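Reader: I would like to learn how to read a structure like this one, feature by feature. Could you take me through it slowly, giving the general idea before each case?

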Amino acid sequence: MKSRSCIKTAFGVLLISVAVAILSPIAQGASSEKPNIIWIISEDMGPDLGCWGVDVHTPNIDRLAKEGVRFTRMFGTASVCMPNRTAMITGVTQSTLGSVTMRPPKQLMRPLPEDVKPLPAVMRQLGYFTGNIKDRKSTGTGGKDDWNFRFDGKAWDTHRLADLKANQPFYAQFNIYQAHRPYRQDTEHPIDPAKVDLPPYYPDHPVSRQSWADYLESIQHLDRYVGRILDWLEKEALDENTIVFFLSDHGEAFLRGKYFLYDCSLNQPLVVRWPKACNRPAEFVSGTADKRLLASIDLAAQTVSCGGGQVPDWMHGRAFLGSQAKARNEIFSAADWIGGNCRLKSRSIRTERYKYIRNFNTAQSVHNASTEYRKAMHPMYHLVELLDERGQLSPHHQKLLIDPLPEEELYDLQADPHELTNLANVSQQFELKHELNNRLKKWIKDSGDKGFEPLTPEHVQFFDEYRTKQKKSLENKRNALKEKVRNAVDNAGEQSPNVASQPNILFIFADDMGYGDLSCYGSKQIQTPHIDSLAHAGMKFSQAYVTGPACAPSRAGLLTGRHQCRFGAEHNLVSSHPHVRQEAIGIDLSLKTMGDYLKESGYATAIIGKWHAGSSPGHHPNKRGFDYYFSQDGHNYFPKEGKHKIYRNDKLIDKIETPYMTDLLTNEAIRFMTAEHQGKPWFVYLPYTTPHTPLQAKAEDIERFKHITNKSRRNYCAMQYCLDQNVGRMIEALKKSGQWTNTLIVFCNDNGGTLGSVNAPLRGQKATFLEGGIRVPLIMSWQDVIPANKTYGLPVSTLDLLPTFLAAANDESVPEKIDIMKRYPKSGFDGVNLFPYLLDKMGSQRTHETFYWRLTLRAAAIREGDWKLIRMPDRMPLLYYLPDDIAEQNNLVKKEPEKVNYLLKKLSDWEVNLEATPRWFSGNNWAKKNRILYDKEYQLTQPD
């Protein structure tokens, strides 16, 4: 409902509107009944609020979000207070105005161009009374402007809260000091540092956690002041005709935040509450989150639009609600000389998915670009320095915080939202990098970027003198803080808290997935950002092999660390066989499994998904080393209660909590990973059934791929998309529960893809010894241990995974100190510990010189070095030199007879020395189908 005061002044507002319409083009289309507009501005704060899913007590801002709209992707054009506030209040990028430094004296500030006015002056032309409220006692607001320009006109009409109601419509700012340092503790709702979700770009140390908890408690104080402002609006009956903007002046003020061009520094929370009585746009839906790209310069443009004016041509900002709304597909930001040691010169472009940063001063680093104020107020500054001095800073954090800024940075924000993995030197991204660089260069030129102009001697003298004064005045605080942090580091001990002696292990195993069906392995049709993020955070393998081209043999070798042909598990399992007892079909009961080994190493163990290693009572997972078992009896992605059997351990479950099997398996995995295990680390083996046939996908996922005409491919892509989403859910759960840095994650697949899949650029499929049948995606990620964003290009085997898991689980030293020859002498494993290879301790030495495969006694294969031979019952052998022929198009059997004879003999020697013959057979039909598969035409390029 409109307030009486607003009604009384309607006639006056009308006269003002008419006058402005005549005198100023800004006012065209202005309404005679205008809403009040307020900005509530916090300081140095990212979107770390309850309504953003953070565990923090912010009921008042959460209420605003419930009644309004959250804009989740609003970014500053600058990453520090004064330059970004300049952009916000003018709607013009600060670098265009030359307003790039922090707090020079008034006489050194540039005047605004003649056609540019600060927002209060524009709103005054629209008939608005303007105020920047100074009322620390009541609303906690201090009247801060912090603009870097000279403006000779009148900025504000009042600083008094009491003047607003009588002078409607008004545009007013409420600038709240929180959550700026020094942080205020909250005794009413204290935050446990051990439970905060610390960003991964900071060392996981008690000092970091305490500092982050202090920051969140300061936000809780901020929320109380916001509550007072909202209460005042209600008390004065102004809430029904006042549009409220809640925002911050830039993102978080920690080491990698404020000053720099990462999202944590630029991302500003924005909530807009627009009452229905104020003629709000139809697209404004209360309680929703809007994911469009917005820039800080858009705030002024939208405010003008809310006030009934036309957005001026000189504004770079755009309205984002109402009839004047214009969408963005990119945001440009700048970081410049702040003062003291912070002499940045960086520019960035951010699109929906990617961020490109060009650093023109590569002598700077996140750590050394620090002002005297930061050294006196930021505990983490000293933490990083002390850990680095003592050699306790992880390589991961060394790269992010200590190493000089690279000239170019490129981040896939969908797969890597924390901007941990720089893709600028990844060859596959060169085309994208050059495109973004060209767009950035064009913007620098077109926007008239004055940030590249040298500072005047007067500016340099001022900043040098200011730094000297600040250094002296803050010396005692700096030294006291450093000593406090030093004591905390001493008490925490010498071991880096990011590397645990026994990590949790999450082993994700897909079923019949195509080699080329992950975007990090080249897929164009299926984007898999969450699985890709594991590759960016860790290592991707380009030549990983399974031990068999079908499900059961491959899993038998994987689970035992021994080649399955050595204990008779060569064939796929059969449901009946006239000469074999069913209890004998499965992994030999005399052998230990992955579950047995890790359970003996002190792990709580679980298998959630497809077992396929024997179905007799003696083969049940609970008797093969797994404490916990959850799976379905068969393949059906939409199980029905009472019809499809789903077991938890040895009990049938009564209720199905979600109708889709992939989601259900993920729910169980998250439940196990986040449960208490009496101080034990956990091992979760998660063999999904997807994307094995039948190709059954959720309707909403199929809809995403409706443009694909082939039904099998369409459903397969939808299943693969769902798999990636579920991997993302687990990553998020690990981060939220504080387990991300202490978890080794491995993603792999049991054999090549089949119906609906794409194995390109490989030829072949499941059940063949062509590369498309036995080469699989393999990704390993363990923060601070496995190097990030690397590709291991030499051949490895899934036989290597069990020894690698045991190396991580049993050795009390960090993994790179493990001596493989001492660790597993004559162990019986056919695989090796991969850590020395991943950590570049073995040079060019290969994990295995020779790989062997056999299936159905009629076909076998061998790879030695880079030569591969396939022996078939119905044709001459196939011989390929893989470095030159990854798609196996050129059979060299006639050109290399000596190589053929040598490999055939070596393969035969392996076979005659096997410890067992097959204990069951798949049958002749399987063999016939296998032969036909070698004559098929395969798609060797990725479909668009």
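Reader: Which residues of α11 meet which residues of α15?

Author: This is a predicted model, in which local features need pLDDT of at least 70 and side-chain atom pairs count only at pLDDT 80 or more, whereas totals for chains, interfaces and linings use all residues. Residues are numbered from 1 along each chain as its sequence is written, and side-chain values use heavy atoms, with hydrogens and water left out. As for the general idea, contact means heavy atoms within 4.5 Å, and helices (H or I, at least four residues) and strands (E, at least two) are DSSP runs numbered from the N terminus. In this case Pro379, His382, Leu383, Glu385, Leu386 and Leu387 of α11 meet Arg478, Leu481, Lys482, Val485, Arg486 and Val489 of α15. Sorted by class, the contact of α11 with α15 has seven nonpolar, one polar and four charged residues, where Ala, Val, Leu, Ile, Met, Phe, Trp, Tyr, Cys and Pro count as nonpolar, Asp, Glu, Lys and Arg as charged, and the others, Gly among them, as polar.

Reader: At what angle do α11 and α15 pack, and how far apart are their axes?

Author: An axis is a line fitted to C-alpha atoms, for helices over the stretch in contact, and the angle between N-to-C directions runs from 0 to 180 degrees. Angles under 35 degrees count as roughly parallel, over 145 as roughly antiparallel, 65 to 115 as roughly perpendicular, and the rest as oblique. Here α11 and helix α15 (residues 475-492) pack at about 55°, with their axes 9 Å apart, and that makes α11 oblique to α15. The crossing of these two helices is right-handed; the general rule is that a crossing is left-handed if the near helix is turned anticlockwise from the far one by less than a right angle, and right-handed if clockwise.

Reader: How many disulfides does a search of the whole structure find?

Author: A disulfide is a pair of cysteine sulfur atoms within 2.5 Å, and the search finds zero of them. The sulfur of Cys81 is 12 Å from the closest cysteine sulfur, in Cys342, which is too far for a bond. Cys717 is likewise in no disulfide, the nearest cysteine sulfur, that of Cys722, being 13 Å away. Cys81 is buried at 0% relative accessibility, and Cys717 is buried with a relative accessible area of 0%.

Reader: What should I note about the backbone at Pro169 and at Gln678?

Author: The peptide bond from Gln168 to Pro169 is cis, with omega near 0°, and Pro169 lies in the loop between β6 (141-142) and β7 (170-175). Gln678 has a positive phi of about 55° although it is not a glycine; this residue is found in the loop between α19 (661-673) and β22 (682-687), and it is exposed, with a relative accessible area of 77%.

Conventions. Buried means under 20% relative accessible area, exposed over 50%, partly exposed in between (1.4 Å probe, protein chains only).
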